[in-house]
Amino acid sequence: MLEILRKRRSIRHYTPQAIEPEVLAQLKEAVLRSPSSRGLDPWEFIFVTDKSLLEALSTAKPHGAHFLREAALGVAVLGNEDKADTWIEDCAIASIILQLACESLGLCSCWVQIRLRPHDQERSAEDRVREILHIPPHLRVESIISIGYPAKSLAGHARETLKDHTIRTNTYS
């Protein structure tokens, strides 16, 4: 696991290669194995491979979603706030589990924040995604994870760049 964390980077440029069905199946299993508070599993997922839908999703917000148009897969991570008050945390955990699974399978990924982001002056990014993917009103959109095979590789962050000063032992002082 530590080696996966050392290598993982947010990648926004992908090759046109499709993701194989057996790899998609492993990604689906990975998100379903995500932990959730009290085992309530307030999340649902939409695996989007349709290029026209990925293009539409790339315009969900003004910045930070454009790379979805190049992706082989976008996974919308949805939460049911009526099922658990921890839906945001549980969806965030599922999102990162998916990203780590991607790294372990030779894929790359990037998180697209949707919750609390604008689409334009009148609508939220969440409303735009809801419209594109026909998401029912009882579900909220936390994120979309953009996934594909990397068009370029980036080295992991060097150990010396990590912010050790943010870790304390026993107490803050």
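I count a residue as buried when its relative accessible area is under 20%, as exposed when over 50%, and as partly exposed in between, using a 1.4 Å probe and protein chains only.

**Basis.** I worked from a predicted model, in which local features need pLDDT of at least 70 and side-chain atom pairs count only at pLDDT 80 or more, while totals for chains, interfaces and linings use all residues. Residues are numbered from 1 along each chain as its sequence is written, and side-chain values use heavy atoms, without hydrogens and water.

**Helix α5.** I took helices (H or I, at least four residues) and strands (E, at least two) as DSSP runs numbered from the N terminus. I looked up α5, residues 125–133, and found it mostly covered, with seven of its nine residues buried. Among them are Ala125, Val129, Ile132 and Leu133, and Glu126, Arg128 and Arg130 are also on the list. These buried residues pack against β1 (43–48), α3 (51–57), β2 (73–79) and β4 (140–148), where contact means heavy atoms within 4.5 Å.

**Positive phi.** Most residues other than glycine have a negative phi. I noted that His134, which follows α5, has a positive phi near 55°. His134 lies in the loop between α5 and β4 and is exposed, at 70% relative accessibility. I then looked up Asp41, where phi is also positive, near 45°. Asp41 sits in the loop between α2 (21–32) and β1 and is partly exposed, with a relative accessible area of 30%.

**Record.** I found that an unreviewed UniProt entry places "domain: Nitroreductase" at residues 5–149; positions follow the numbering used here, feature names are shortened, and annotations may be inferred rather than shown by experiment. Over residues 5–149, the chain is 34% helix and 19% strand.
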